[in-house]
Amino acid sequence: SSGNCIVTGSNGFNGSGCEVSLWDVRTKQLLGDLRGNEQGVNCVKFLSGSNDVVISGSKDSLIKLWDINKRDCILEKRLPGMGSVTDLISYPDGSVLCSTSNGCVLLTLDDKNIITETVCF
């Protein structure tokens, strides 16, 4: 959660029900959905140090950065051969550890761009 907003991921397939949802904790109302995954969203959280950028990981091996103000995907990274993204940890230095069903990937981000990618098994 960040401020007055929380994010949740949905479990769907073929692009249906595979969204990240934004909720207002004060009113308990849905603020909107972020769509673009083909399979279920396993994990989603606010990027460390940000109130307007969310990172999500899904069963279709996609990691996405979302601008929640614009309701738009600002970065997409597929992790071929790594399987489903099962969890994400966002660090203050801009790196993100992505746990997958076949290992893990450490991504270092700079201004919403990937600068390094390290795969570990």
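Trainee: How far apart are the mean positions of the positive and negative charges of the protein?

Mentor: This is a predicted model, in which local features need pLDDT of at least 70 and side-chain atom pairs count only at pLDDT 80 or more, while totals for chains, interfaces and linings use all residues. Residues are numbered from 1 along each chain as its sequence is written, and side-chain values use heavy atoms, with hydrogens and water left out. Lys and Arg count as positive and Asp and Glu as negative, without His and the chain ends, and each charge is placed at NZ of Lys, CZ of Arg, CG of Asp or CD of Glu. For the 11 positive and 14 negative charges, the mean positions are separated by 5 Å.

Trainee: Is aspartate 24 buried or exposed?

Mentor: Aspartate 24 meets arginine 26 in a salt bridge of 2.8 Å, N to O. Buried means under 20% relative accessible area, exposed over 50% and partly exposed in between, with a 1.4 Å probe and protein chains only. Arginine 26, at 57%, is exposed, whereas aspartate 24, at 8%, is buried.

Trainee: Which residues do salt bridges that share partners join into one network?

Mentor: The structure holds five salt bridges, and one of them links aspartate 33 with arginine 35 at 3.2 Å, N to O. Aspartate 33 is partly exposed at 25% relative accessible area, and arginine 35 is exposed at 54%. Through shared partners, the network consists of Glu19, Asp33 and Arg35.

Trainee: What radius of gyration does the protein have?

Mentor: The radius of gyration is taken over C-alpha atoms, and the globule rule is 2.2 Å times the number of residues to the power 0.38. With 121 residues, a compact globule would come near 14 Å, and the protein agrees with this, having a radius of gyration of 14 Å.

Note on methods
Salt bridge = Lys/Arg side-chain N within 4 Å of Asp/Glu carboxyl O.
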